[in-house]
Amino acid sequence: MLLKPIMHKTEYTFSTKTVACYFDADLSSLAQAAGNKNIIILTDENVYSHHAARLNAYPVIRFPAGEEHKNQATVDQVIHELIKLGANKDSILIGVGGGVVTDITGYVAAVYMRGMQFGFVPTSILAMVDAAIGGKNGIDVGVYKNMVGTIRQPDLIFFDYSFLQSLPVKEWVNGFAEIIKHACIKDALLFSILERYSLHDYQADKTLIADLIERNAAIKSTVVTADEFEKGDRKLLNFGHTIGHAIENLHQIPHGHAVSIGMVAACNLSEELNMLHFEEATRIVKLLAKYHLPVDLETDHAKVFEVLKMDKKRRDEGVQFILLKRIGEAEIVYISLADLEKHFKEIL
Ligand SMILES: NC(=O)c1ccc[n+]([C@@H]2O[C@H](COP(=O)([O-])OP(=O)(O)OC[C@H]3O[C@@H](n4cnc5c(N)ncnc54)[C@H](O)[C@@H]3O)[C@@H](O)[C@H]2O)c1
Ligand SMILES: [Zn+2]
C-alpha cells in the first residue's frame, strides 16, 4: 500500500492575516486545508498539461505559460471566467504553478469583488521558496516588471512536492539561486548542507528536498513577518539582485543566472571594500558553480552601471547594497556611486 505523506501545518502571522502553510502535503487534502470552501484552480497550460488528472477534481481556469502572460490581458480573461463560474465570497482561488501563476492569483484575488480568498500550491522551486511567500503580487506592464500589484497575504500555502517531478532541470537550477541566497544571508548551516549534497541528490531524494523547501520557506517567512514593510531585514533578500536585475535587463538571461552573477559581484565587493572583513567569496563561487549556476559573464560594464544607476533602490547619489560579513550574515551598506564605479570592473 502507498502511504500518503503526513502533512503538517505551520502558521505565520502578519499584521493583516495568519497564513497557514501545509508542508509535505498531497493535493487530495487541499479541500480539507481550504476548509471546504468552493475551490477554483488557476494554473498555466504547461503545469496543467502535466497534472490535469489531479487538477480536474475542481473547476480549472488556465492561461498560457510564461512571463509574457503576466499582464492585464490575462487578469481580464481570468476575471471573466470567475464570473462565468459564479465565484463569490465563499470561493477560494488557488493558484497552482510557478511564480507567474502565484503572482496573477494574488492580484486577481485582491481585485475580484473587492477581494476574494486565495491560496497557493507552488509548483516550481522558486515559487516554493520565494514567490508564494510574502504577500507581494502583481503583473508586468510592457517592459516594466511587477509595475502594478498589491500586498495581500494568502489564506494558505500548500506544499505538494510531487509536482516537482515534472519541473524541467533549468527551473530547478533557477530556484537554487534563491536557496543559495538564503544560505548566504541567513543560514550558515544551510550553506554547509548544500555543500554536502548536489542538485541530483535533491532531485532524487524526497526527504532531502522536503527538508530543504521547508527550511527555505521558513527563512523567507521569518524575514518577511519580522519586517513586513521592508524597512530593514527584508532588504537583505535583495542580496545579488541589485547587479542581478541590471544584468537580467541587459542580457535577457534567466533570473537565477543573473542573481548568481549578482551574488558573485556582491561577494567580490564585500571583499574589496574590506569594511566587513569578508573573505569567503571563493567558497560561494564554488557552491554556485556546483549547482550549475554561472559565476561570470562577458558584459559591457559601462552599460550595466548605467542600468544600475536607474535602479529603484538608488538613493540620491548612492546605492543600498547588500554585502556579506560572513556566510550566513549580511548587512545593508550604503555605497556612493563614485565608490561603486571605482570597483565595478574588478567585481563583475
Ligand atoms: N511575489 C513575489 O514576491 C515574487 C518573488 C520572486 C519571483 N516572483 C515572480 O515569479 C516569477 C518567476 O517564477 P517561476 O520561476 O516559478 O516562473 P514561472 O511561473 O514562469 O515558471 C517557470 C516555468 O516552469 C513551468 N512550471 C512550473 N512548475 C512546473 C512543474 N511542476 N512542472 C512542469 N513545469 C512547471 C511553468 O509553466 C513555466 O514554464 C516572476 O514573474 C517573478 O516576478 C514573485
Ligand atoms: Zn530573485
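Modeller: Helix 2 (45–55), helix 4 (99–111), helix 5 (125–131), strand 7 (136–141) and helix 6 (169–186) each contribute at least two residues to the shell around ligand 1; helices (H or I, at least four residues) and strands (E, at least two) are DSSP runs, numbered from the N terminus. The model is predicted: local features need pLDDT of at least 70, side-chain atom pairs count only at pLDDT 80 or more, and totals for chains, interfaces and linings use all residues. Residues are numbered from 1 along each chain as its sequence is written, while chains are lettered from A and ligands numbered from 1 in the order in which they are written.

Ligand 1 is surrounded by 29 residues, the closest being Asn46, Gly98, Gly99, Val100 and Ser124; a residue is near a molecule if its C-beta atom, placed from the backbone, lies within 6 Å of it.

Strand 5 (residues 91–97) has seven of its seven residues buried, so it is largely enclosed by the rest of the structure. Buried denotes 20 or more other C-beta atoms within 10 Å of the residue's own, with C-beta atoms placed from the backbone. Ser91, Leu93, Gly95 and Gly97 point one way from strand 5, and Ile92, Ile94 and Val96 the other way.

Strand 5 runs parallel to strand 3 (residues 38–44), to which six bridges join it; two strands pair if DSSP finds at least two bridges between them. Here isoleucine 41 stands opposite isoleucine 94 of strand 5. Six bridges also connect strand 5 with strand 6 (residues 117–122), again in parallel, and glycine 95 stands opposite phenylalanine 120 in strand 6.

Definitions and conventions. A residue is buried if 20 or more other C-beta atoms lie within 10 Å of its own, exposed if 12 or fewer, and partly exposed in between; C-beta atoms are placed from the backbone.
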